[in-house]
Structure formats: C-alpha cells, structure tokens
Amino acid sequence: MEMSDITRAIAAATSIAASFDLPVNDAIVLHNSNKLALRLTPCDVFARVAPVGEQAAQFEIEIAQRLAEVGSPVGALEPRVDPLVYKRDGFAVTLWTYYEPVTPHVPPAEYAKALEQLHAGMRKVDVASPRFTDRIAEAEEIVANPDLSPKLADADRVFLSSRLGRLHRAIDDRGAEEQLLHGEPHPGNLLSTKNGPLFIDFETCCRGPVEFDLAHVPEAVCEHYPGVDQVLLDECRQLVLAMVGAWRWDIGDQFPNGRRIGEEFLRALRAGPPWPTLDAMGTRLGDL
C-alpha cells in the first residue's frame, strides 16, 4: 500500500478494534504489499487489512474456522470478537490471534510435518474453492494484456506467455490426484509459536496436487515430505516462478521492489533447471 493508504488502513483497523474495547496504543506494520498486516498493541491482535473488493477475507475466515475444527495447525481468529469481515473507510479488516515468534525459522522436518498435517486436515474439509489453474489463468491474463502489464517488454511477454501456457497444459494433463491446498505455504505464511508451527493467510486456497504447495517451500522441507512426485514438483516450481514473475508486472501490484523481482524471476526462468525455490530467489535478490 502507498503511505497515504497505510495511514488510513491503520486508522480503520484501530478504530474497529477500539469499538470492541480492545485497547490499541500502537499499530506495528509487519508486512506491506497489496494487503497490510498489523500487530495492534497492547491488545495483541493481528489485523489483516485490504481495500474492499480486493480480498477474499470471508473465504479465508471460513477456511480457517473449518481447519481449526479438524485440528489443523492454523492460526486462530481473535476470540474476543465475532469471526467477521469488518469494513471501514473502504477497507476490509479481519482480526486474528497474534503469536509471539519463538524462533526465526521453523526447522525443515517440523515444517514438512506441519504441512503434511495441514494437507491431511484439508482433505477433511468440504468447501468450494478455485482450482490452481485459475491462478495460472490470472497470471496469463496479466501477461497477455499490455494494459495490465504496460512495462513488460514484448520479448519478455512472448516468453512468459509461452512458458505459462506450456506449464498450464503439462501439469493439468498429468491428471495428478488433487485436494484442497494452502496455495502459498511459503515461510512467510508459517509462524513459529509456543503451540508449534501454525499456517496463516488462506486467501489463496485452491484445489490441486500437493506438489503445487510444495513448490512454495524450501528444498530441505520437500526432502522430509513423503511421497513427492519429483518430476511434477519441478514443473510446479517452474510454474510458481512464472506466476510470481507475471504478478510483479501487474500495473496494480504494490509489492516492494516489484519490477526488480519480476526481472530476476525472468532471468531465473531463462537460465533453466535446476529451478530455484522461492526462498533461494529471496536470498538471490537480497544479494543483488
């Protein structure tokens, strides 16, 4: 979000919390992109804020509630308020439990076990959700429409469109077993808490092969996850690089350093296998 929007978003979140007698003296920005993640203190509430119409907050709430009911390792909604999407000043706000981090990173074996448990719980949840191919189609639309990605060079547009289309067909044609997935279970969406690793941010839930989820996590985590189709995982890793690269060229994208990220993801795709994981790309970008 732009700074002016951040100020308004914080005001909306703090006002909503205060209306439930949750004391707020400060709002700490934990993450800012198209959505804003805040820690409200001293009430210790985790608030997620997005412009109305640009989020799937009600879907996320339903998924989180259903997964909690079956004992999945997920972050809980704030118990002191009703589990609803609250709207104020053009923003949609959801309130969650804030968890104090125990360690900076979740060890790979624990990460894999938590993801395996999450997937097991998701197989018990019957909820309407998009398919992973819908997310590919969104990326394809951005690349295909110069009005949506005006700064993407023509040669890069052709390359990225071709790669997305080929991977879309190749993975879909495999006919792998599908289930409900997190959609983006990368390290930024896994908390290290005293209750163990907990996943957050379920707006991207979709149906697909588990390898699509695994394509978002570090390599060492995949080594501890049972029954992985390595060929399918490699295709999904390449697909994730192409999708993330496409999203960074979206004219409405507000991810920090989005252009630089988009360029680096294109370079990684052109360089060929072995396909880097998202955390490896993050390290690479940090070293540039």
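A residue counts as buried when its relative accessible area is under 20%. Keep that in mind as you look at this predicted model, because buried means just that cut-off here. This briefing visits two helices, H2 and H5, and the elements around them.

**Helix H2**

- Start with H2, which covers residues 57–69.
- The buried residues here are Ala57, Phe59, Glu60, Ile61, Ile63, Ala64 and Leu67.
- What lies over the buried residues of H2? The cover includes strand S3 (45–51), strand S5 (91–97), helix H3 (108–122) and strand S6 (179–181).
- After H2 comes Gly71, with a positive phi near 80°.

**Helix H5**

- H5 runs through residues 154–174 and has 21 residues. From first C-alpha to last it reaches 31 Å, close to the expected 30 Å.
- Its buried residues are Asp156, Arg157, Phe159, Leu160, Arg163, Leu164, Gly165, Leu167, His168 and Ile171.
- Among the elements covering them are helix H4 (132–144), helix H8 (230–247) and helix H9 (258–271).
- Gly175 follows H5, and its phi is positive too, near 65°.

**H4 against H5**

- The axes of H4 and H5 are 10 Å apart, and the two helices pack at an angle of about 165°. That angle is why H4 counts as roughly antiparallel to H5.
- H4 passes H5 in a left-handed crossing.
- On the H4 side, the contact is made by Phe132, Thr133, Ile136, Ala139, Glu140, Ile142 and Val143. On the H5 side, it is made by Arg157, Leu160, Ser161, Leu164, Gly165, His168, Ile171 and Asp172.
- These contact residues divide into 8 nonpolar, 4 polar and 3 charged.

**H5 against H8**

- H5 and H8 pack at about 145°, with their axes 10 Å apart, and H5 passes H8 in a left-handed crossing.
- H5 brings Leu160, Arg163, Leu164, Arg166, Leu167, Ala170, Ile171 and Arg174 to this contact. Among the H8 residues it meets are Val231, Leu232, Glu235, Cys236 and Leu239.
- Here the contact residues divide into 12 nonpolar, 2 polar and 4 charged.

Methods:
Residues numbered from 1 in each chain as written. Predicted model: local features only at pLDDT ≥ 70, side-chain atom pairs only at ≥ 80, totals over all residues. Heavy atoms only, no water. Helix = DSSP H or I, 4+ residues; strand = E, 2+ residues; numbered from the N terminus. Expected span 1.5 Å × (residues − 1). Buried < 20%, exposed > 50% of the residue type's maximum accessible area, 1.4 Å probe, protein only. Contact = heavy atoms within 4.5 Å. Axes fitted to C-alpha atoms, helices over the stretch in contact; angles between N-to-C directions. Parallel < 35°, antiparallel > 145°, perpendicular 65-115°, else oblique. Left-handed = near helix turned anticlockwise from the far one by under 90°. Nonpolar A, V, L, I, M, F, W, Y, C, P; charged D, E, K, R; others polar.
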